[in-house]
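Here are my notes on this model, point by point. Please read them with the coordinates open.

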Amino acid sequence: MSIAAAGAHILANGPGQTSPIAWLLRRGAPSGLSRRWPAEDDPRRDARFAASFEAYLDLGGIAREDVVATQMVFSCALGQARLSRWIAERKVLSVEWNGVRWLPIFQFETRGAVPCHTLVTILGEMSSIGDDMAVVEWFHRPNVWLEGRAPAAVLHQDETAVLHAARADCFSF
């Protein structure tokens, strides 16, 4: 079962079911995804996260905040304090899901040490979007301004094009 299929299952069966993502975890999916869906969770948000998680697998992956912070310590001795500040200031792309903060890996240069320098400007263009999940989704979805390519896939080759796409698309949110 793919993570997208897991999301579809969540939408079809609603909260309170054993998570299909837990099924994936038993078969090698990344840790941090296993739990029962609490009744108060929004199944549509769960499905959106599952779809984003799957999309980012082809774009470098998505990791929990603690994993990214650990990589930062090993690569440049920055660690959790700096990463937390970047998240609070929206200088990096992140989304909270089931009490855990997740960060797409594509946005970092040098093995997780620092965010791509244009990303801060791009996220600034998108500051009017209050939904972090919508911003996370924007980066992995095909974009007409980028000839059908996902902004995350283009960012390191053509930062200016992604910036222009963000400016053009910020009016559609």
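1. Aromatic pairs. This is a predicted model. A search of the whole structure turns up seven aromatic pairs. Take Phe106 and Phe139: the ring centres sit 5.5 Å apart and the planes meet at 35°, so this pair is tilted. A stacked pair would need planes under 30 degrees apart, and an edge-to-face pair over 60.

2. Phe106 and Phe139 are both buried.

3. Trp138 is buried, as is Phe139.

4. A cluster to check separately. Phe49, Phe53, Trp97 and Trp102 make up one aromatic cluster.

5. Cover over H7. How many of the nine residues of H7 are buried? Eight are, and the helix is mostly covered. The buried set is Met133, Ala134, Val135, Val136, Glu137, Trp138, Phe139 and His140. Note that Glu137 and His140 are in that set. The covering elements include helix H3 (43-57), strand E2 (95-97) and helix H6 (117-125). H8 and helix H9 (159-169) are also among them.

6. The start of H7. Asp131 caps the N-terminal end of the helix. One of its side-chain oxygens lies 3.1 Å from the backbone nitrogen of Met133.

7. Between H7 and H8. Glu147 lies in the loop that joins these two helices. Its phi is positive, about 55°, although the residue is not a glycine. Glu147 is exposed, because its relative accessible area is 71% and the cut-off is over 50%.

8. Arg90 is in the loop between helix H5 (79-88) and E2. Its phi is near 55°, again positive in a residue other than glycine. Arg90 has a relative accessible area of 30%, so it counts as partly exposed. For context, most residues other than glycine have a negative phi.

9. Ala153 sits in helix H8 (residues 151-154). Its relative accessibility is 39%, so it is partly exposed. Ala153 and His140 are 13 residues apart in sequence, and their C-alpha atoms are 7.7 Å apart in space. His140 is one of the buried residues of H7.

Terms used. Residues are numbered from 1 along each chain as its sequence is written. This is a predicted model: local features need pLDDT of at least 70, side-chain atom pairs count only at pLDDT 80 or more; totals for chains, interfaces and linings use all residues. Side-chain values use heavy atoms; hydrogens and water are left out. Helices (H or I, at least four residues) and strands (E, at least two) are DSSP runs, numbered from the N terminus. Buried means under 20% relative accessible area, exposed over 50%, partly exposed in between (1.4 Å probe, protein chains only). Rings of Phe, Tyr and Trp (its six-membered ring) pair if their centres lie within 6.5 Å; planes under 30 degrees apart count as stacked, over 60 as edge-to-face and the rest as tilted. Contact means heavy atoms within 4.5 Å. A polar contact is a pair of N or O atoms within 3.5 Å; within protein, one must be able to donate a hydrogen and the other to accept it, and residues adjacent in sequence count only if both atoms are side-chain atoms.
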